[in-house]
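Reader: I am new to reading protein models, and I would like to go through this one slowly, one question at a time. Could we look at it together?

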Amino acid sequence: MNENLRDKYGIPKDAVITIAGTVGVGKSTMTKALADSLQFRTSFENVDGNPYLDLFYDDFEKWSFHLQIYFLAERFKEQKRMFEYGGGFIQDRSIYEDTGIFAKMHQEKGTMNEVDYETYTNLFDAMVMTPYFPHPDLLIYLEGSIDDILGRIQERGRAMEQQTPVEYWLEMHERYERWIDSFNACPVLRLNINDYDLMNDPDCSEQIVERIGKFMQQTAVLKR
Ligand SMILES: Nc1ncnc2c1ncn2[C@@H]1O[C@H](COP(=O)(O)OP(=O)(O)O)[C@@H](O)[C@H]1O
Ligand SMILES: Nc1ncnc2c1ncn2[C@H]1C[C@H](O)[C@@H](COP(=O)(O)O)O1
């Protein structure tokens, strides 16, 4: 039945769809739901096994560079895995957010020094911003109000995020809104988190798949 959803809405079986959005907005939940509906593989961020994340939240200045290098390596390995399988993936967070949101924010707030930032962005550009790096077929941007998102961060209850001042999440939310307006590495479909309810509405996955199918067909026509 699930395979029919992919066929029914004309989504290519080798598509790579990445889910973007601020911390707590619902990317992992969406990744699971879409992968299930489309019978795609998943590419998740490994939060529990990340050796720097807790340290980073305790001391941004000391660990920003280490954490960014770690994420870059992890996401690059995932990129390779998706390529080797020939696509058919839903990816939890895009590689573009690491540099466009996180590294930039820490550099501008003074918690990543200038030299480290330059080393990191040089490495990122050499690895990612090349013609050999395949961009996703679609980026789904999840957006919602800061109050709803703070509620979700609370509800999820990761200690390191609870201890982080609310200003950090406010700043990130604003940056995401500016970032997505100028993002152009691949087509973007925006979904507002108030327009679907993956927890309580069993039909909403299909409605989202339908929107994705229509959007991908439109963008394919425009590309011709
Ligand atoms: N559609 C939804 N409705 C209500 N709560 C949701 C929804 N999607 C996610 N959540 C909840 O919000 C929290 C954060 O979701 P998660 O998918 O982990 O976000 P992210 O991966 O973007 O950080 C979790 O507690 C999750 O259960
Ligand atoms: N590139 C990153 N820099 C700093 N922190 C990051 C980066 N990518 C993810 N994170 C953090 C934010 C969250 O605490 C966890 C997981 O993100 P989530 O949006 O909940 O999937 O990692």
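Reader: Which residues of α4 are buried?

Author: This is a predicted model, and a residue counts as buried in it if 20 or more other C-beta atoms lie within 10 Å of its own. The cover over the buried residues of α4 includes β1 (16-20), β2 (41-43), α3 (53-58), β3 (89-92), α5 and α6 (114-128). The buried residues of this helix are Trp 63, Ser 64, Phe 65, Leu 67, Gln 68, Phe 71, Arg 75, Gln 79 and Met 82.

Reader: How far apart are the end C-alpha atoms of α4?

Author: The expected span of a helix is 1.5 Å times one less than its number of residues. The 26 residues of α4 should therefore span 38 Å, and the value computed from the model agrees with this, since the end C-alpha atoms are apart by 36 Å.

Reader: Which residue just after α4 takes a positive phi?

Author: The helix α4 covers residues 60-85, and the residue in question comes just after it. Its phi is about 80°, and the residue is Gly 86.

Reader: Which element gives the most residues to the shell around ligand 2?

Author: Of the 14 residues around ligand 2, those that come nearest are Val 23, Val 47, Phe 71, Asp 98 and Phe 102. The elements that give two or more residues to this shell are α2 (27-38), α4 (60-85) and α5 (96-109). By class, the shell around ligand 2 divides into 6 nonpolar, 3 polar and 5 charged residues. With 3 residues, the element that gives the most is α4.

Reader: Which elements each supply at least two residues to the shell around ligand 1?

Author: Ligand 1 is surrounded by 14 residues, and the closest are Gly 26, Lys 27, Ser 28, Thr 29 and Arg 152. This shell has 4 nonpolar, 5 polar and 5 charged residues. The elements that each supply at least two of its residues are α2 and α7 (146-156).

Reader: Is Asp 92 buried or exposed?

Author: An unreviewed UniProt entry lists Asp 92 under "active site", and in the model this residue is found in strand β3. Leaving out residues up to four places away in sequence, Asp 92 touches Ile 19, Lys 27, Ser 28, Thr 31, Ser 43, Phe 44 and Glu 45. Because Asp 92 has 21 C-beta neighbours inside 10 Å, it counts as buried.

How values were computed
Residues numbered from 1 in each chain as written. Chains lettered and ligands numbered in written order. Predicted model: local features only at pLDDT ≥ 70, side-chain atom pairs only at ≥ 80, totals over all residues. Near = placed C-beta within 6 Å. Helix = DSSP H or I, 4+ residues; strand = E, 2+ residues; numbered from the N terminus. Nonpolar A, V, L, I, M, F, W, Y, C, P; charged D, E, K, R; others polar. Buried ≥ 20, exposed ≤ 12 C-beta atoms within 10 Å, placed from the backbone. Contact = placed C-beta atoms within 7 Å. UniProt positions renumbered as here; feature names shortened; annotations may be inferred.
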